[in-house]
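Visitor: I am new to reading protein models, and I would like to learn how to look at one feature at a time. Could you take me through the one shown here?

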Amino acid sequence: MKAKKILISQPTPASDKSPFSELSAKHDVQLEFHPLTVIEGLSPKEFRAQRVDPLAHTAVIFTNRKSIDYFFHVCEASRIVIPEEMKYFCVTEAIALYLQKYIVYRKRKIFFGSGATFGEMMDVVNKHKNEKFLLTLFEPFKNEIPQLLAKAGVKFSQIILARNIPADTRSTDWSAYDIVACYSSSDVRALGAGLANGEVPAGVTVAALGASTAAQAAEQGIAIGIYAPTPEFPSLTTAIDKFLATRKSGGDLSRFAAPVATKPAAKPDAKKPAAKNPAAAKSTAGATAPGDRTTAKAPATKKPAANKPASKKAATPKSAPKTA
């Protein structure tokens, strides 16, 4: 089955030399770059309301090029002058090179990871634990990013620069696409909002990048047919490439789907009737364990009290053992 068209929820690449170009040429498929989210930068007032001072930090972390734009723009609008000695840590080299738009590129103050993920960049961050980092984020963001920094024990603050808002997709004809590639949970929400009756048209495969994106799809009941990253498919482009090749050859496509997260073991731990109803346990203890000494004493002490209910003054049960 030949692919007709793929929707990529990303801006059009600035260069023809990109993985997307290779994907299009290899499979003779049309790629349509159409972001499903709109990025809205925070105003200087909203920026200051977070009460995070960039000048109180010695290094800034960027996860994408847009965050660089919004950071320097909002600092300029807020009359914050970033010192030349500020250091910058970027997820990839491409993001680091983009800093040249705003500062003089110097290797001694610009660092980047060896791969394409935040986790890989942490190897570099761990070598500079004396820095006080400012983590720039878009809302919503992945919780694992600040969690990795906290786990490493580095000093950091986080600040929101912009918001990802789902675009209006109600007029989108999803059936015109063979694959819809989503890169964030906001992309999935935009996709779901534009689906008739919340159902993906037959023949359309949804691709997702990242666990949070897949989780949002599962919450909305949208099946993910292509998922990355995995050990086999480190990027979504690679996963789509292998998916198209496998489908063309008639191979098994189930290995491309997102892993299904299930939680079946939550209820058994809660089933503790003996602990929940201790009174019932005491009442049945004599019947179920007649040989137990503690349960044998309980009924024995209660029987003398039952035989002499008349006199309140009678303390004979206590004195009787003494005379004996």
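Visitor: Which residues does Thr-237 touch, leaving aside residues up to four places away in sequence?

Guide: In this predicted model, Thr-237 touches Pro-19, Phe-20 and Leu-23, once residues up to four places away in sequence are set aside. Thr-237 itself is found in helix α9, which covers residues 236-248.

Visitor: Is Thr-237 buried or exposed?

Guide: The word buried is used for a relative accessible area under 20%. Thr-237 has a relative accessible area of 14%, and therefore it is buried.

Visitor: Now I would like to turn to charged side chains. How many salt bridges are there?

Guide: As a general idea, side chains of opposite charge can pair when their charged atoms come close. In this model the count comes to 10 salt bridges. One of them joins the side chains of Glu-32 and Lys-5, with 3.7 Å from N to O. Glu-32 lies in strand β2 (residues 30-33) and Lys-5 in strand β1 (residues 5-8), so this pair ties together parts that are 27 residues apart in sequence. Glu-32 is partly exposed, at a relative accessible area of 26%.

Visitor: Which residue forms a salt bridge with Arg-163, and where in the chain do the two lie?

Guide: The partner of Arg-163 is Glu-46, and their closest N and O atoms are 2.9 Å apart. This pair links distant parts of the chain, for Arg-163 is in strand β8 (residues 155-166) and Glu-46 is in helix α2 (residues 44-49), 117 residues apart. Arg-163 counts as partly exposed at 25% relative accessibility, and Glu-46 counts as partly exposed at 31%. The two also belong to a network of salt bridges that links Glu-40, Glu-46, Glu-139 and Arg-163.

Visitor: Are Arg-170 and Asp-168 buried or exposed?

Guide: Both Arg-170 and Asp-168 are exposed, and their side chains meet in a salt bridge at 2.9 Å, N to O.

Visitor: Finally, which residues touch the most other members of the largest nonpolar core?

Guide: That core has 43 residues, and those that touch the most other members are Phe-62, Phe-71, Phe-72, Tyr-88, Phe-89, Leu-99 and Phe-118. If you follow Phe-89 and leave out residues up to four places away in sequence, you find that it touches, among others, Ala-59, Phe-62, Phe-111, Met-121 and Phe-133.

Note on methods: Residues numbered from 1 in each chain as written. Predicted model: local features only at pLDDT ≥ 70, side-chain atom pairs only at ≥ 80, totals over all residues. Heavy atoms only, no water. Core = buried A, V, L, I, M, F, W, Y, C linked by side-chain atoms within 4.5 Å. Buried < 20%, exposed > 50% of the residue type's maximum accessible area, 1.4 Å probe, protein only. Contact = heavy atoms within 4.5 Å. Salt bridge = Lys/Arg side-chain N within 4 Å of Asp/Glu carboxyl O. Helix = DSSP H or I, 4+ residues; strand = E, 2+ residues; numbered from the N terminus.
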